[in-house]
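Dear colleague,

Please find the structure below. My notes on it follow.

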Amino acid sequence: MNKQEIAASLRQEVGELEQSIKKLQTRCERLKRFVLDLEAEIAGPQSQPSHPIAESKFQKVIDHVFGEKPKTKKR
């Protein structure tokens, strides 16, 4: 393999990885929305939490697993 073939191969690999990352990010966002909707449904329509849903224990675990920084409290 010469350098041009190696570069072309690596470029193709990078493109495939970028596509995979975009798909995973999209899936992550869908799962987050699903979890938030599920938590809201569990809480019921009459229940109003004293803190935002983003601060729930489950949301913190999701943020930790997917490598996101915890959201700051809004007062």
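In helix α1, the buried residues are Cys28, Lys32, Val35 and Glu39; buried means under 20% relative accessible area, exposed over 50% and partly exposed in between, with a 1.4 Å probe and protein chains only. What covers these residues includes α2, residues 57-65, where contact means heavy atoms within 4.5 Å.

This is a predicted model, in which local features need pLDDT of at least 70, side-chain atom pairs count only at pLDDT 80 or more, and totals for chains, interfaces and linings use all residues. Residues are numbered from 1 along each chain as its sequence is written, and side-chain values use heavy atoms, with hydrogens and water left out. Helices are DSSP runs (H or I, at least four residues), numbered from the N terminus.

Helix α1 spans residues 3-43, which is 41 residues. From its first C-alpha to its last it reaches 59 Å, close to the 60 Å expected at 1.5 Å a residue; the expected span is 1.5 Å times one less than the number of residues. Just after α1, glycine 44 has a positive phi of about 90 degrees.

In α2, the residues Gln59, Ile62 and Asp63 are buried. They lie on the same side of α2 because they cover an arc of only 100 degrees around the axis, taken from the directions from the helix axis to the C-beta atoms. On the other side, Lys57, Lys60, His64 and Val65 are exposed.

Yours sincerely

Definitions and conventions:
Helices (H or I, at least four residues) and strands (E, at least two) are DSSP runs, numbered from the N terminus.
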